[in-house]
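Here is a short report on one protein chain. Keep the sequence and the 3D view open as you read.

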Amino acid sequence: MGSRLSAPGPQEKRFAAYIEGLANAAGHEDRHAPLKSYCKGLLLPGERKSIEPMAARLDPDNVQPMRQSLHHLVAKAPWSDEVLLEQVRRHVSPAMQKQGPLVAWIVDDTGFPKKGKHSVGVTRQYCGQVGKQENCRVAVSLSVSTWSSSLPIAYRLYLPKEWAEDGERREKTEVPEEVEFQTKPVIALDQIRAAVAANLERGVVLADAAYGINTEFRQGLTELQLQYVVGVQSSMTVWEPGQQPLPAKPRGKMGRPPRLLQRDTDHQPVSVKQLAMSLPSTTFKEISWREGADRMLRSRFAAVRVRPAHRDYWKAEPHAEEWLLIEWPRGESEPTKYWISTLPLKTKLKALIKIAERNRFSPSARAGHLGFVTPRTTADFRPRGSPPTP
């Protein structure tokens, strides 16, 4: 794995040991060499990371045999991605925690822009990489995080409903029968349940508003005894500080006593935006929470205790109080972000902000120099499907 010009150094040896662990996790010995080649191909210079261009960089004199080997690994060989991710976690997590304790479990999804319509899961949907609706595939992930680094421990392709219900496309692309349509919050909650069942060290669950606005997702976290700080939309309804729904109204002596909470025309919840706009300006504090690339990151925040109001008229007890965290940058006409959190009552505002902002992944630690050398491809090599040369 090291440079051809010198003996492997400590980092090259560590990397070789890491890849050896992945190869063993892939199972049968005939997968070891292809997996090592595939990992090296991903790390070699070159923009296109599809199989044929990687094969040409790995072995220019034997492109087709190398391509077939890599294709069999990624398309046919029966290895488990969950086993590989577990091997990665066992290897990487202890090294991460030498630099600091685990503080968060981060839920996220990643969009992969994709042309065409035949790759599994591809459809027109929101793609974070380009920041808009685009033809892409999306994967839901769960990462464990310290203050300075993060590691994905679960990763699953989201299968849109039109794919899940299309038997012809499923059969053609070999989607397993047991894979059914699930929303992204449901997928994420399954990943979190698996992490709890594996008895992993716990962290505060962080997620953006696409997950945080989902009441069932938040309730699932509470049932797992996990604290969270999750983004919510400005339309989320809550009871103002000190308020809650009305108790059930008695109906007389006949029949079963009523149990469901009540509202009336004068006693209604408000949106978090309405609440934020009604707060005195003195409620918002200018807070610096960490050093950025070129300056200290600062903004105006407020935190108040509220009760979520979603469908509480079907409940006998009101939702528990939680923190509502609001960001209203100076110069903006209205707040820009909202979070809801089950962190303890005594949590300081700056601590609440710091963990909420940890949801933005930190840059990875420097990879160093592994000394990979890319063999020169033959002058006439062109991957299949490439546009014709002018």
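Glutamine 99 sits in the loop between helix 5 (81–97) and strand 1 (104–113). Helices (H or I, at least four residues) and strands (E, at least two) are DSSP runs, numbered from the N terminus. Glutamine 99 has 66% relative accessibility, so it counts as exposed. Glutamine 99 and serine 149 are 50 residues apart along the chain, and their C-alpha atoms are separated by 9.0 Å.

This is a predicted model: local features need pLDDT of at least 70, side-chain atom pairs count only at pLDDT 80 or more, and totals for chains, interfaces and linings use all residues. Residues are numbered from 1 along each chain as its sequence is written, and side-chain values use heavy atoms, with hydrogens and water left out.

## A covered helix

How many residues of helix 3 are buried? Eight of its eight residues are, so helix 3 (residues 51–58) is mostly covered. The buried residues include Ile51, Met54 and Leu58. Glu52 and Arg57 of helix 3 are buried too.

What do these buried residues pack against? They pack against helix 2 (32–43) and helix 4 (63–75). Contact here means heavy atoms within 4.5 Å.

## A hairpin

Strand 2 (residues 123–127) and strand 3 (residues 132–145) run antiparallel, joined by five bridges. Two strands pair if DSSP finds at least two bridges between them. Look at threonine 123: its bridge partner in strand 3 is cysteine 136. The hairpin has four residues between the strands. Glycine 131 takes a positive phi near 70 degrees in this hairpin.

Most residues other than glycine have a negative phi. Asparagine 199 is not a glycine, yet its phi is positive, about 60 degrees. Asparagine 199 is found in the loop between helix 8 (184–197) and strand 5 (204–207). Its relative accessible area is 66%, so asparagine 199 is exposed.

Glutamine 225 also has a positive phi, near 60 degrees. Its place is the loop between helix 10 (215–223) and strand 6 (228–232). Is glutamine 225 buried or exposed? Glutamine 225 counts as exposed because its relative accessibility is 70%.

## Salt bridges

The whole structure has eleven salt bridges. A salt bridge is a side-chain nitrogen of Lys or Arg within 4 Å of a carboxyl oxygen of Asp or Glu. One of them joins aspartate 312 to arginine 263, with the closest N and O atoms 2.9 Å apart. This pair links distant parts of the chain, 49 residues apart. Aspartate 312 lies in the loop between strand 10 (296–308) and strand 11 (322–327), and arginine 263 lies in the loop between strand 7 and strand 8. Aspartate 312 counts as buried because its relative accessibility is 1%. Arginine 263 is partly exposed, at 25%.

Lysine 273 and glutamate 334 form another salt bridge (3.2 Å, N to O). Lysine 273 is in helix 11 (residues 272–278) and glutamate 334 is in the loop between strand 11 and strand 12 (337–341), so the pair ties together parts 61 residues apart in sequence. Lysine 273 is partly exposed at 30% relative accessibility. Glutamate 334 is partly exposed at 32%. There is also a network of salt bridges that links Glu286, Arg298 and Arg330.

## A nonpolar patch

Which residues make the nonpolar surface patch of about 330 Å²? Leu260, Tyr313 and Trp314 make it. Patches are made of residues with over 30% relative accessible area and no salt bridge: like charges are joined within 9 Å, nonpolar side chains (Val, Leu, Ile, Met, Phe, Trp, Tyr) within 5 Å. Accessible areas come from the Shrake-Rupley method with a 1.4 Å probe, and for residues only the protein chains shown count as cover.

Leucine 260 lies in the loop between strand 7 (237–239) and strand 8 (270–271). Its relative accessibility is 31%, so leucine 260 counts as partly exposed.

Note on methods:
Buried < 20%, exposed > 50% of the residue type's maximum accessible area, 1.4 Å probe, protein only.
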